[in-house]
Each structure stands twice: as C-alpha cells, then as structure tokens.
Amino acid sequence: MNKVVFLIKHLQQKNDFEKFYRIHLAERLLCYRNVDMKVEYRVIMKLKRAYVNGYGYSNSLFASRIEGMHKDKFVISRPIIYKYKEYNFVNKCILGTLQPFDLNVEVINAVHWPVTYPKSMCRVPSIALSAFNDFKTFYSKVEGRKTLKLLPQFGTVELDATFYDAPRSSKRSCDGEYSTTNNQCCVERKFKVMVTTYQMFVLDMFNTYDFLTYERILKETMIPEKSLLNALQGLVQFHHLLLKFPNCREIKSNDRFSINEFFRI
C-alpha cells in the first residue's frame, strides 16, 4: 500500500484516479454487506498521505470526501438505524404494528458521495415504498431540517423466494390472459436469495404475471434502461432466477421472461 501511495503522490493528473476510486468506494460501502470498517479507514488514512502539503496538512477535496463517505457509513448511519429499530420495537409493543421486513438504511451526504439522481423516479413496489415512507417519517422527527431521497440503485435485498416444479394457476401473462395450470402435484421449495433493489422490483412483477416482455417491464418499473438491462442479465445469467425467450445474451424489446420454476441453489 505504501508503494501505491507513493505512486499516487507523484501523479500529475490525479482526477481520473480520484473519480475511479470514489465510484468504487461508494459501490463497496453501499452494495457489499461485509465491509471491514478498520481496513477501509486505514486505506483512507494512507491515501490522505498522498495529499499532504509541505506544512503537513491535507487540503484535498478528494481526501475529505472519501473520509466523509467512511463517516457516513460507519459513524452516522449506524446510530440512526439503531434508533429506528428501537422505534419499531416500541411500536410493536405498544401499538402492535409490525414491519413486513427488516430494513437497514444508509443515510449519506450528497456532498461526499459520487451519486447521480435519476431523471425520473422508478416505480417502487408498494411494500418497499411503505417501509421507506415509514423511515422517512421517523427520520424527519430526528433530523427535522434534512430531506431524504431514495437511491434504489445502491440497495440490496434478501428475498424469501418460493418456487414450484410447475407454474401456479391464476396468474396473468403480460397480455392479460390467465393461466389455468393444475398445480396439485407441485413441490414447493423455499430459498433465500440476495439481489439488488432493481432486481427485486422486477421479481415483484412476477407475483402477478407468468410472462413479461422487456418492454412491459421497462414501462411498468420505470427503471433506467441501462440499469434494467443489467438487472435482467443478472437475474438470467448469474442468479438463474428468470428464463429468457429466446435464450440468447442480447435483450430486445420483445423478449419474454418468466420465473425459473426449476431454480436450485
């Protein structure tokens, strides 16, 4: 690491490195579950050495931003989510209200993070939107002057997924027709799968439909097209949760997708 710091210190144009590092640091901190706080902090402190001036101080905006990203992740967000869990526990004991799933939130400062807001907000499934609005209400009581914006492109979801050896009946295809498959002999299998938030939005549609075209998914979810392509390719080629027709790598507007009922981990 010391050799890397030495090289960075002598770079004439540090902008490309700074942009690259901040993007990948953001992805690592927000999208990966097992991130070592101490390791990340040590790396950031070493990188700051590459920006120290002749007086022993670091005046680099890059150094302050990556340090701010670390602080948002490990210092600011954690106490907030602990308070939120206590808030939910009180509501459960006193009011009897239950959250449909466990929610972990990263509250980040837009000044520090290399995030871009989508031109239009995607359509969030009602159960997820309700959970976000509940946290937003709680957060407004804790930090009254701050406004939260949802960034679904960074989230991950652990799903309880149920699969059958044959398609279930009473579901619609994308043209609105209902299937009538007899499922008396179906074998039910349950798995926990980890997907991105965008992938969860897509999978949620298959609770209603047996088959969906790419064009229909794009229209219904309003996910940015590039992000949707990545999400679908991951669901088909990496997770094997969806089947694509025709079975080729390239995704076109009329391609159809369905749940892979024979999914195995």
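Where is His240 found? Some notes on this and the rest of the predicted model follow.

1. His240 sits in the loop between H8 and S4; helices here are DSSP runs (H or I, at least four residues) and strands likewise (E, at least two), numbered from the N terminus. Phi of His240 is near 60°, a positive value in a residue other than glycine. His240 is partly exposed, at a relative accessible area of 45% (buried is under 20%, exposed over 50%, partly exposed in between, with a 1.4 Å probe and protein chains only).

2. Met222, in the loop between H7 and H8, also has phi near 60°, positive in a residue other than glycine. Met222 is partly exposed, with 33% relative accessible area.

3. One for the backbone check: the peptide bond from Phe245 to Pro246 is cis, with omega near 0°. Pro246 is in the loop between strand S4 (242–245) and S5.

4. As for the overall layout, the chain has eight helices and five strands, running α-α-α-α-α-β-β-α-β-α-α-β-β along the sequence. Of its 265 residues, 37% count as buried.

5. Leaving aside residues up to four places away in sequence, Leu232 touches Val202, Tyr214, Ile217, Leu242, Ile251 and Phe257 (contact means heavy atoms within 4.5 Å).

6. Have a look at the second largest pocket, with a volume of about 1100 Å³. On a 1 Å grid over the protein atoms alone, a pocket is an open set of points where a 1.4 Å probe fits, with protein on both sides within 12 Å along at least five of seven lines; lining residues have an atom within 4 Å of a point. The volume is the space filled by probe spheres set on the points. Of the 33 lining residues, Glu27, Cys31, Gln153, Phe154 and Ser227 lie nearest the centre. H2 supplies the largest share, eight residues. Domain 1 (1–115) and domain 2 (152–165 + 186–259) both contribute to the lining, so this pocket lies between them; the bounds come from an automatic or database domain assignment.

7. On method, residues are numbered from 1 along each chain as its sequence is written, and side-chain values use heavy atoms, without hydrogens and water. Local features need pLDDT of at least 70 and side-chain atom pairs count only at pLDDT 80 or more, while totals for chains, interfaces and linings use all residues.
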